[in-house]
Amino acid sequence: MWKCEQVIGGALDVEEAAALYRASTLAERRPVEDTRRFTRMLAGANLVIVARDEDGRLIGISRSITDGAYATYLSDLAVDAAYQGKGVGRDLIRATREAAPQANLILLAAPAAKDYYPHLGFTAHTSAWTMNGPAHQA
């Protein structure tokens, strides 16, 4: 079993978090090898929920930015592949919503996860737009 709790992102052990991102495959799309940048990502999120197993091992994270009233952008939902399909992601989303119950929950799904979100109550939004930062521009 596991337990979800809200934490301060900047207080997380960066190596432990990076190991989780690798175990979840999210590291393929996040700069976990750039320790300085990854540390800033964790510290900059103002709503972080983690899931830990009974031994205290980090098995999931929901990393968000929220105003608490209108919008919560769930930037990262990472669950260790060994725990995927068991409800950890669902619990992380539930705890994220409970932390900012009036806010709309917004996320950009990884291509492999796009079919996961509709069964949790998410609807596709056809007018979402993104603009890559300088590190991703040619």
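Modeller: A pocket here is an open set of points, on a 1 Å grid over the protein atoms alone, where a 1.4 Å probe fits, with protein on both sides within 12 Å along at least five of seven lines; lining residues have an atom within 4 Å of a point. The model is predicted, so local features need pLDDT of at least 70 and side-chain atom pairs pLDDT 80 or more, whereas totals for chains, interfaces and linings use all residues. Residues are numbered from 1 along each chain, and side-chain values use heavy atoms, without hydrogens or water.

The largest pocket is lined by 40 residues, and Leu26, Arg29, Arg30, Ser75 and Ala110 lie nearest its centre. Two or more lining residues come from each of α2, β4 and α3 (DSSP runs numbered from the N terminus: helices H or I of at least four residues, strands E of at least two). β4 gives the largest share, 7 residues. The volume of the largest pocket is about 1,100 Å³, taken as the space filled by probe spheres set on points joined across faces, edges and corners. By class, its lining has 20 nonpolar, 12 polar and 8 charged residues (nonpolar: Ala, Val, Leu, Ile, Met, Phe, Trp, Tyr, Cys and Pro; charged: Asp, Glu, Lys and Arg; polar: the others, Gly among them).

β4 belongs to an open, mixed sheet of 5 strands in the order β1-β2-β3-β4-β5 (a pair of strands needs at least two DSSP bridges). β1 (2–7) and β5 (104–106) are the edges, each with a single partner strand, so one side of each has no neighbour in the sheet. From one strand to the next the twist averages 25°.

The two helices of the lining both pack on this sheet. α2 (residues 35–44) touches β2, β3 (58–66) and β4 (71–79), and its direction makes about 70° with that of β3. α3 (residues 88–99) touches β1, β2, β3, β4 and β5, at about 155° to the direction of β4. Contact means heavy atoms within 4.5 Å; angles, from 0 to 180 degrees, are between N-to-C directions of lines fitted to C-alpha atoms, for helices over the stretch in contact.

α2 also meets α1 (residues 14–24), their axes coming within 10 Å and crossing at roughly 90°. The two helices are therefore roughly perpendicular (65 to 115 degrees). Val14, Glu15, Ala17, Ala18 and Tyr21 of α1 touch Thr35, Phe38, Thr39 and Leu42 of α2.

Note on methods:
Parallel < 35°, antiparallel > 145°, perpendicular 65-115°, else oblique.
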